[in-house]
Amino acid sequence: MRLNSQDAYQLLIKDVITSEEDWNQPENRWLKHCIYVGEAAGRIAAQMELDSDFARALGYVHDIGRKVSHPRHVIEGYSYLMRLGYDEMARSCLTHSFIDNDINLTAGGPLRTDTQAMMLPYLDSHPVNIYDNIVQLCDLFCLDTGYTTVEKRMLDISKRKGVFSNSLEHFHSALNLKVRIEEQLGCSLYDLFPEISKEDILHIRKDRDELERLLVVPMIKKKQDKRMRNF
């Protein structure tokens, strides 16, 4: 069952936003991120002549599990929406973190074995669709303050969450996803979002180069460790 975007928005803020002051609480910043993801997903879907209201709703609820647990928001969000009967929306809670629904293409490092065991059967049985891809991309250029570039957003994520053996592949997959979406849009992603600051646009190459340097370090170490084990 689906939610329309208005109902998805209301479900997102339910029991979290009870007054205007709640929007300014640091612990509620994730809600603003969800709203920007929803608005971005709707805009992209409209440009592609897809169901923009459905895409917007998926974006709104993709992180709804943070109501329950920030570290486990993917699983908690899925469980929460499934209990309410919104199976089509619950999908977004799981798939948004994994580019092309590939469990290895995620930020924050490879998942724990027990977590993989819970998610892998679902991801394997739900091939990626265009709405999955739209939300996955929007999650990677939407902040709680607005829109930015994929490069700046992923550089920030890597600095905050750390760099792991899968980080470089995840970054390259994100850029590949951006290119694929742009081919369907018929324009640059950043042209569709003129709200992105000129400074962020001007720093795309610098941010990409810094991120590449940052992410290549664990790959070199991984190869060195492998050589040592084979010695």
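Helices (H or I, at least four residues) and strands (E, at least two) are taken here as DSSP runs, numbered from the N terminus. The structure is a predicted model, in which local features need pLDDT of at least 70 and side-chain atom pairs count only at pLDDT 80 or more, while totals for chains, interfaces and linings use all residues. Residues are numbered from 1 along each chain as its sequence is written, and side-chain values use heavy atoms, with hydrogens and water left out.

**His-33 and helix α2**

His-33 is found in helix α2, which covers residues 29-47. With a relative accessibility of 8%, His-33 counts as buried, a word that stands for under 20% relative accessible area, whereas exposed means over 50% and partly exposed lies in between (1.4 Å probe, protein chains only). The His-33 side chain reaches the backbone oxygen of Cys-142 at 2.8 Å. This is a polar contact, that is, a pair of N or O atoms within 3.5 Å, where within protein one must be able to donate a hydrogen and the other to accept it, and where residues adjacent in sequence count only if both atoms are side-chain atoms. Leaving aside neighbours within four places in sequence, His-33 is in contact (heavy atoms within 4.5 Å) with His-62, Asp-63, Asp-139, Cys-142, Leu-143, Asp-144 and Arg-153.

**How α2 packs on α3**

Two packed helices are described by the angle between their axes and the distance between the axes. Axes are lines fitted to C-alpha atoms, for helices over the stretch in contact, and angles run from 0 to 180 degrees between N-to-C directions. The axes of α2 and helix α3 (residues 52-61) come within 7 Å and cross at roughly 160°. This makes α2 roughly antiparallel to α3, since angles over 145 degrees count as roughly antiparallel, those under 35 as roughly parallel, those from 65 to 115 as roughly perpendicular and the rest as oblique. The crossing of α2 past α3 is right-handed; a crossing is right-handed if the near helix is turned clockwise from the far one by less than a right angle, and left-handed if anticlockwise.

On the α2 side, the residues that meet α3 include Cys-34, Val-37, Gly-38 and Ala-41, and their partners in α3 include Ser-52, Ala-55 and Gly-59. The residues of this contact of α2 with α3 divide into 8 nonpolar, 4 polar and 2 charged, where Ala, Val, Leu, Ile, Met, Phe, Trp, Tyr, Cys and Pro count as nonpolar, Asp, Glu, Lys and Arg as charged, and the others, Gly among them, as polar.

**Helix α1 and Leu-11**

The buried residues of helix α1 (residues 5-13) are Ser-5, Ala-8, Leu-11, Leu-12 and Ile-13, and these pack against α2, α3 and α4 (73-83). At the start of α1, a side-chain oxygen of Asn-4 reaches to within 3.2 Å of the backbone nitrogen of Gln-6, and just after the helix Asp-15 takes a positive phi of about 65°. Leu-11 touches Leu-3, Ile-64, Lys-67, Tyr-80, Leu-81, Leu-84 and Tyr-86, not counting residues up to four places away in sequence.

The axes of helix α5 (residues 87-95) and helix α6 (residues 113-125) come within 11 Å and cross at roughly 120°, which makes α5 oblique to α6. Here α5 passes α6 in a left-handed crossing. Arg-91, Leu-94 and Thr-95 of α5 make the contact with Met-119, Tyr-122 and Leu-123 of α6, a set that divides into 4 nonpolar, 1 polar and 1 charged.

Most residues other than glycine have a negative phi, and most peptide bonds are trans. In the loop between α5 and α6 lies Asp-100, which has a positive phi of about 60° although it is not a glycine. Asn-101 lies in the loop between α5 and α6 and has a positive phi of about 60°, although it is not a glycine.

**Accessibility of selected residues**

| Residue | Relative accessibility | Class |
|---|---|---|
| Leu-11 | 11% | buried |
| Asp-100 | 28% | partly exposed |
| Asn-101 | 6% | buried |
| Ser-173 | 15% | buried |
| Asp-200 | 9% | buried |

Ser-173 is found in helix α9 (residues 167-185) and, residues up to four places away in sequence not being counted, touches Ile-99 and Leu-105. Asp-200 is found in helix α11 (residues 198-202) and, with the sequence neighbours up to four places away again not counted, touches Thr-148, Thr-149 and Lys-152.
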